[in-house]
Amino acid sequence: MQRRDFIKSVVAGATLVSMGRYNVFSPATVYAGEGNKPYQSRLPVPPILEQGTSAGSKKSPYVFTADYGEQSFWPGTSTETLGYNGNYLGPTIRVTDKEKVRFKIHNKLKEVTTVHWHGLHVPAKWDGGPHQTIQPGETWYPEFQIKQQAATLWYHPHAMGLTGEHVYRGLAGLFIIEDEISSNLPIPKDYGLDDIPLVLQDRRFFDTGEFAYVRSMHDVMHGVRGNYLLVNGMIQPFLEVSRGLTRFRVLNGSNSSIYRLRLSGEKVMAAIASDGGFLEKPVVRKEIILSAGERVEILIDFSQDLAGDKVRLNVDQYGGSSFEAMEFIVTKKSGKYLKIPSFLRAMDRVDETEAENTRLFSMETMSGRGRGMMMGGGRLTINGKKMDMNRIDEIIPLGSTEIWELVNTSSSMMQLPHSMHLHDVQFNILDRNGQPPDPLESGRKDTVFLWPNDKVRIIARFLDYTGIYMYHCHMLEHEDDGMMGQFEVVDRL
Ligand code: C2O
Ligand code: CU
Ligand code: CU
């Protein structure tokens, strides 16, 4: 596999049946979705979750429920799905820095689930990782204070071994933090009008219309990929935009795919925020690469386009399909903001000299101990280990700053990209293969991807909370297969 070898165009339906020796699919069982007409339906925007009511003096909780649903992704078909307060995906939770928030989360599924706040800095017991299970029929009541700057985060299930399947079937939502800076910047901020979330997820279907979430050996290694791309749960929607700036909060909500975003006509995108908050200044690009779990906020300037002009968002899947994801249709209306600001926010990058400790993490596609994938066991590991909920892998003193050196240790037999995600913290990338990080990834990050043989050094401060948190590959099939570990933040003696 070549680096950055995105396949430019592949006939729909052909890619997912790549006929690896472990693949359980035959082309006939995979739904090609004929008859879908592109750009006929308006992009759905997940609603903002309003607070429920509560008796007494406590602030009202945000209430949501994980439940079964049914969604028609094509006319005439229906797919069994999962969703929060709806058939597919969940509402957007929008909070402000310093706010104290409470939740009431109900599990109506017949199996265990959790709700993890991806990117959020919260006490370990409210993190929603594999330890904070919500049993079938039960309700979970997390509460915490928001202690971080404006950012586009998200929430999703994290039950041991079930994360990939739950997310694939529809359990995910956005979690937006605002603060003084985000509310004062001259950038679009009317949610659903000029501030639009885009949750990108590739999916494949059986010809019955159901999601084809099956984990063959091939799927575990490469991730369960699809030949259709959903944007906010819809295939090839359109969106009307005014002649001005529109802000998009893009989440790669796929299970394992790496996406490259491009606009038609080589139109540029101005990235203004990475995973954990604003960049110092906009970074203007024709292409942006996002691995599973990563976010980017972009501004697209439609002020020079004419009413009726159409701009397409193309999404290329690394090693897979090339999707015409959606279309923007420019209207006569003039936008509220016409100029991309030159400065966004001063960045508080963690300095390398602050670090008290360095740890090494080797992300292995096969353990180096001769137990190849043919033998079962030991295929996807971090530092040679598979996740064990009863084992703490790293102990970190509260208040310390650490460098984590991440290496994608590829074997000659199989090279895969990986991504590393840490709970609890936002980190900075110190360098990638000895080079300073690309401006796009020089801000706050919680997930970083590694091409085969990449070495990335990240730095983070472990503040405020003690307890057990996860780190893992955010290719969810890798995570579920055990490519995860636990760190415990402990009080200093
Ligand atoms: Cu987005 Cu531990 O996960
Ligand atoms: Cu997370
Ligand atoms: Cu991985």
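Trainee: Where does Tyr 39 lie?

Mentor: Tyr 39 belongs to the segment before β1. Keep in mind that this is a predicted model.

Trainee: What is the phi of Tyr 39?

Mentor: The general idea comes first. Most residues other than glycine have a negative phi. In this structure Tyr 39, although not a glycine, has a positive phi of about 60 degrees. Its relative accessible area is 12%, so Tyr 39 counts as buried.

Trainee: Which phi does Asp 424 have?

Mentor: Asp 424 is not a glycine, yet its phi is positive, about 75 degrees. The residue sits in the loop between β26 and β27. Asp 424 is buried, with a relative accessible area of 4%.

Trainee: In which sense do β3 and strand β9 pair, parallel or antiparallel?

Mentor: Parallel: β3 and β9 (residues 173–178) are joined in that sense over 4 bridges. Within this pairing, Ile 93 has Phe 175 in β9 as its bridge partner.

Trainee: How many bridges join strand β25 to strand β29?

Mentor: There are 7 bridges between β25 (residues 401–409) and β29 (residues 455–461), and the two strands run antiparallel. Glu 405 has Arg 457 in β29 as its bridge partner. Thr 401 stands opposite Arg 461 of β29. β29 also pairs with β27, in the antiparallel sense over 4 bridges. In that pairing, Ile 429 stands opposite Ile 458 of β29.

Trainee: How many residues of β29 are buried?

Mentor: Of the 7 residues of β29, 5 are buried, so the strand is largely enclosed by the rest of the structure. Lys 455, in strand β29, has 39% relative accessibility and counts as partly exposed. Its C-alpha atom is 5.8 Å from that of Arg 432, a residue 23 positions apart from it along the chain.

Trainee: Which residues coordinate the copper ion (ligand 3)?

Mentor: The copper ion (ligand 3) is coordinated by His 418 through ND1, Cys 473 through SG and His 478 through ND1, at 2.0 to 2.2 Å. In sequence these donor residues follow the spacing H-x54-C-x4-H. His 418 is in strand β26 (residues 418–422) and His 478 in helix α4 (residues 476–480); the pair, 60 residues apart, links distant parts of the chain. Both histidines, His 418 and His 478, are buried.

Trainee: What are the protein donors of the copper ion (ligand 2)?

Mentor: They are His 116 and His 421, each through NE2, lying 1.9 Å from the ion. His 116 is in strand β5 (residues 116–118) and His 421 in strand β26, so the pair ties together parts 305 residues apart in sequence. His 116 is buried at 1% relative accessible area, and His 421 is buried at 0%.

Trainee: How far apart in space are Val 45 and Asn 232?

Mentor: Distance along the chain and distance in space are read separately. Val 45 and Asn 232 are 187 residues apart in sequence, and 6.7 Å apart from C-alpha to C-alpha. Val 45 is placed in the segment before β1. With 27% relative accessibility, it counts as partly exposed.

Trainee: How many cavities of 30 Å³ or more does a search of the whole structure find?

Mentor: The search finds 3. For each cavity, read the volume and then the lining. The largest cavity has a volume of about 60 Å³. Its lining residues include Met 221, His 222, Arg 225, Leu 416 and Met 475. The lining divides into 6 nonpolar, 4 polar and 1 charged residues. At least three lining residues come from each of domain 1 (3–36 + 186–334) and domain 3 (352–490).

Technical notes:
Residues are numbered from 1 along each chain as its sequence is written. Chains are lettered from A and ligands numbered from 1 in the order in which they are written. This is a predicted model: local features need pLDDT of at least 70, side-chain atom pairs count only at pLDDT 80 or more; totals for chains, interfaces and linings use all residues. Side-chain values use heavy atoms; hydrogens and water are left out. Two strands pair if DSSP finds at least two bridges between them. Donors are N, O and S atoms within 2.8 Å of the metal (3.2 Å for Na, K and Ca); water is not among the atoms, so sites may look incomplete. Buried means under 20% relative accessible area, exposed over 50%, partly exposed in between (1.4 Å probe, protein chains only). On a 1 Å grid over the protein atoms alone, a cavity is a set of points where a 1.4 Å probe fits but cannot get out, and a pocket is an open set with protein on both sides within 12 Å along at least five of seven lines; lining residues have an atom within 4 Å of a point. Grid points are joined across faces, edges and corners, and a volume is the space filled by probe spheres set on the points. Ala, Val, Leu, Ile, Met, Phe, Trp, Tyr, Cys and Pro count as nonpolar, Asp, Glu, Lys and Arg as charged, and the others, Gly among them, as polar. Domain bounds come from an automatic or database domain assignment.
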